[in-house]
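Q: I would like to learn how to read the features of a model like this one. Please take me through it.

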Amino acid sequence: MLVTGASGFIGSNLVRHLVRRGHQVTAMVRSTSNLAALAGITDLRFAVADLESGDSLAAALDGVGTVIHLAGVPNARQTGDYWRGNVDATRRLCQAIAARAKAPRIVLCSSLAAAGPSRPGCPRDESDAVRPVSQYGRSKLAAEQVVRGYADRIQAVVLRPPMVYGPGDRVVMPTFLPMARRGVCVKAGLGRREYSIIHVFDLCAALLAAIDQGTTLSRDDMRGGAYFVSDGHTYAIEDLCAALSRAVGRSRVRTIPVPRTVVRAGGLLAQLIAPASGSPSIVNPDKVREFCQSAWTCRTTRARDELAFTPRYDLADGLAQAMTWYRDQKA
Ligand SMILES: NC(=O)c1ccc[n+]([C@@H]2O[C@H](COP(=O)([O-])OP(=O)(O)OC[C@H]3O[C@@H](n4cnc5c(N)ncnc54)[C@H](OP(=O)(O)O)[C@@H]3O)[C@@H](O)[C@H]2O)c1
């Protein structure tokens with residue numbers, strides 16, 4: 001199995017998950033990748049390749065039966081970076097796979113953002129029309145379409161996780177934990193805000209199940225071959241914040257609604273000062289557009305029925321697990 005994006009948050013967790021279960025895994029990394037998250041994993045092979053340039057990609061696919069494609073750009077300063085990192089990179093990977101005498105099967109880790117937001121009380125399912133609202137979401141949807149375009153040559157399954165958290169997460173916990181420690185939680189606007197969420201260990205199990213049991217994409221059925229996965233619950237933002245506060249030992253949390261115009265202005269400001277920090281800010285106009293939606297929720301009926309996917313972690317258990325990891329890192 002080849003895992004692209006192996007040095008990232010989900011990739012490093014997936015590689016551990018697969019190796020523990022006895023799979024022979026090749027971690028695809030770049031020459032510049034930070035490999036700290038993969039330290040200590042025995043029996044792991046590495047392939048150094050770049051999906052944007054295509055360098056060494058053909059060699060990375062030698063002897064590979066399955067590709068789990070996680071490499072991508074969740075956060076970028078420029079729209080073009082989403083396109084290069086999510087769409088062009090996926091196209092290059094598909095071209096290289098399709099060129100093999102026996103094309104490996106591929107599981108693409110897309111995102112709920114590719115399908116778009118839902119409405120409070122009305123989680124999305126795979127038959128709903130897609131409506132991405134961010135550049136990130138549009139690029140993930142375009143990546144799905146690239147893979148679907150190869151349906152006659154490559155067997156492919158798409159997973160669309162919502163927010164993912166757990167050991168090594170660089171966005172969800174680092175964003176919300178500091179607020180939870182202060183006993184406050186910010187939400188955009190006055191209305192109800194609802195979220196689906198998944199612990200990274202459950203996502204790893206779903207990715208593995210998709211390899212063997214997923215229905216593959218076809219050109220005729222535009223809504224088949226894709227699966228939403230989550231822990232099966234819908235959380236109001238207040239629930240998320242309360243769970244995080246409990247996880248850091250606080251008994252009370254106050255939710256502060258911030259007018260959307262102020263949130264948007266904050267996104268613009270963060271974008272303007274981000275170049276000084278050298279890396280894209282996780283607060284930027286694109287993420288703010290996502291943050292201002294009323295609901296990011298999905299049903300997991302199809303994954304349960306077709307992949308036999310049963311999540312092990314609800315939010316309380318998942319956060320307890322993740323907090324243990326965070327504490328160990330600090331110790
Ligand atoms: N985290 C979430 O909440 C979430 C939710 C839904 C979907 N997803 C999707 O899940 C996937 C993994 O997300 P993540 O949170 O693990 O992201 P991450 O921690 O930022 O990792 C991204 C990975 O992609 C690699 N990569 C980027 N551009 C590449 C290129 N040109 N060639 C080769 N590798 C490249 C990175 O390598 P370097 O280490 O070299 O930079 C890194 O290993 C992404 O496709 C994302 O869209 C994430």
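Q: In β12, which residue is the bridge partner of E194?
A: Strands of a sheet pair through backbone hydrogen bonds, either parallel or antiparallel. Here the partner of E194 is A236 in β12. This is a predicted model, in which local features need pLDDT of at least 70, side-chain atom pairs count only at pLDDT 80 or more, and totals for chains, interfaces and linings use all residues. Residues are numbered from 1 along each chain as its sequence is written.

Q: In which sense do β9 and β12 pair, and over how many bridges?
A: Two strands pair if DSSP finds at least two bridges between them. Strands, like helices, are DSSP runs numbered from the N terminus (E, at least two residues, for strands; H or I, at least four, for helices). β9 (residues 194–195) and β12 are antiparallel, with two bridges.

Q: What is the strand order in the sheet that holds β9?
A: The order is β12-β9-β14, an open sheet of three strands with mixed pairing. β12 (235–236) and β14 (295–296) are at the edges with a single partner strand each, so one side of each has no neighbour in the sheet.

Q: What is the order of the strands in the seven-strand sheet?
A: That open sheet runs β3-β2-β1-β4-β5-β6-β11, and its pairing is parallel. Its edge strands, β3 (44–48) and β11 (226–228), each pair on one side only. On average, neighbouring strands are turned by 20° against each other, direction ignored. As for angles in general, axes are lines fitted to C-alpha atoms, for helices over the stretch in contact, and angles run from 0 to 180 degrees between N-to-C directions.

Q: Over how many bridges do β1 and β2 pair?
A: Three bridges join β1 (residues 2–4) to β2 (residues 25–29) in the parallel sense. In β2, M28 stands opposite T4.

Q: Which strands does α1 touch where it packs on the sheet?
A: Two residues are in contact if their C-beta atoms, placed from the backbone, lie within 7 Å. α1 touches β1, β2, β3, β4 (66–69) and β5 (105–109), and its direction makes about 165° with that of β2. α5 lies across β5, β6 (156–160) and β11, at about 170° to β5.

Q: At what angle do the axes of α3 and α5 cross?
A: Angles under 35 degrees count as roughly parallel, over 145 as roughly antiparallel, 65 to 115 as roughly perpendicular and the rest as oblique. The axes of α3 and α5 (residues 135–149) cross at roughly 15° and come within 9 Å. The two helices are therefore roughly parallel to each other. Among the residues in this contact are Y82, W83 and V87 of α3 and Y136, A143 and V146 of α5. By class, the contact has nine nonpolar, five polar and two charged residues. Ala, Val, Leu, Ile, Met, Phe, Trp, Tyr, Cys and Pro count as nonpolar, Asp, Glu, Lys and Arg as charged, and the others, Gly among them, as polar.

Q: How do α8 and α12 pack?
A: α8 (residues 237–247) and α12 (residues 315–330) pack at about 40°, with axes 10 Å apart. That angle makes α8 oblique to α12. A243, L244 and A247 of α8 meet L315, A316, L319, A320 and M323 of α12. This contact has eight nonpolar, no polar and no charged residues.

Q: What angle do the axes of α6 and α8 make?
A: The axes of α6 (residues 172–182) and α8 cross at roughly 70° and come within 9 Å. α6 and α8 are therefore roughly perpendicular to each other. F176, L177 and A180 of α6 make the contact with C241, L244 and S245 of α8.

Q: How many residues surround the ligand, and which are the closest?
A: A residue is near a molecule if its C-beta atom, placed from the backbone, lies within 6 Å of it. The ligand is surrounded by 29 residues, the closest being G5, G8, S33, L51 and G72. Two or more residues come from each of α1 (9–20), α3 (79–98) and β7 (163–165). α1 gives the largest share, three residues. The shell divides into 13 nonpolar, 11 polar and five charged residues.
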